[in-house]
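Hi everyone, thanks for coming.

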Amino acid sequence: MTIAVKQLSKRILIADDDPVLRDLLTNAVRKEGYEAVAVDDGREAYRMLQGDGDFRAGIFDMMMPHLEGLDIIRYMNTEKRLQRIPVLLISSEGDLHLMAKSFSAGATVFLTKPFNLEQFQTTLRILLTNKNLPSSRNAPGKEYSQ
Amino acid sequence: MNQAITQFAFATGLPRVLGDLEPAVDLATLATLEELQEEGEPNLIVELIDLFLADVPCRLSALRASLVLENYPALKRGAHSLRGSSGSLGALRTSALCEEIEMEPADAFASLAALLTSLEAELARVFPVLQAQRLLRL
């Protein structure tokens, strides 16, 4: 008897309009042994996710042209095939209101800029190893508003 | 006595002069990126510096245009974006100035103009340091 074991994807989708950070994140993800798929903004990430859900995780900047990180998460919540993908949201603002809004929309982890390499690597490992975290995206709570 | 010196310093703008003596780029922050370097691959720090040097003039022009057009949301978005990349490369004062622009009241034209001028001056200090760091790694 053979048991089919579905291999977890090694691809991570990165969306950031800043070329320096995009390149930095791409290299940091590769360093962790994953394949980075980097796009320039939220709209490109949205287009990619429409046709391709084979990602182990998503890393999105909060503030991007066309579509923001939260908008992509909201779209992912509407598609069952994308709901299992955990998301790391990156923002320059670290206030609690914004974090609460991100988590209630379905972000799995949150990282505040500027961050150092060690902080990013730790956050990425938490994102990829904690099996309980993505469940928050399967049934996103009521959006936090104030 | 100390208070008098402090008052004199602030009255003469000494803190600003002292600020100019701060390193434009924190080389320790830049050096941490060496951890990401893969053997046989092009130098990552050179690559990141090249991206920054190519990208920033366009971003600065966009910031200046946003200010002239009094498009404050665009100005703050632009500063927000520049804050991230400058901080990652160790241009900490640049990053702090971007944060000040983000935090300034939306319609404070005069103070935003002054901050943007400071940002341009700071980047004029940052560029040669990054160019030198780039050359050192070629």
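Let's start with chain A, which has 7 helices and 5 strands; helices (H or I, at least four residues) and strands (E, at least two) are DSSP runs, numbered from the N terminus. Read from the N terminus, the elements of chain A go β-α-β-α-β-α-α-β-α-β-α-α.

Some housekeeping: residues count from 1 along each chain as its sequence is written, while chains are lettered from A and ligands numbered from 1 in the order in which they are written. Please remember that this is a predicted model, where local features need pLDDT of at least 70, side-chain atom pairs count only at pLDDT 80 or more, and totals for chains, interfaces and linings use all residues.

That pLDDT is the predictor's confidence in each residue, from 0 to 100. Chain B averages 86, and 85% of its residues score at least 70. Over residues 5–18 of chain B, though, the pLDDT is below 50. Where pLDDT is low, the predicted coordinates should not be read in detail. For the complex, the predictor gives an ipTM of 0.77 and a pTM of 0.82.

Now, how many residues of strand E4 (residues 87–91) of chain A are buried? The count is 5 of 5, where buried means that 20 or more other C-beta atoms, placed from the backbone, lie within 10 Å of the residue's own. Val87(A), Leu89(A) and Ser91(A) cover one side of E4(A), with Leu88(A) and Ile90(A) on the other. In a regular strand the side chains alternate between the two faces of the sheet.

E4(A) also has partners, and strands pair if DSSP finds at least two bridges between them. Strand E3 (residues 57–61) of chain A runs parallel to E4(A), joined by 4 bridges, and Gly58(A) stands opposite Val87(A). Strand E5 (residues 109–112) of chain A is parallel to E4(A) too, again through 4 bridges, with Phe110(A) as the bridge partner of Leu89(A).

Finally, where do the chains meet? The contact takes 16 residues from chain A and 20 from chain B, counting two residues as in contact if their C-beta atoms, placed from the backbone, lie within 7 Å. On the side of chain B that touches chain A, H5(B) gives the most, with 8 residues. In one helix pair, Val20(A), Leu21(A) and Leu24(A) in H1(A) meet Gly84(B), Ser85(B) and Ser88(B) in H5(B).

Technical notes
Buried ≥ 20, exposed ≤ 12 C-beta atoms within 10 Å, placed from the backbone.
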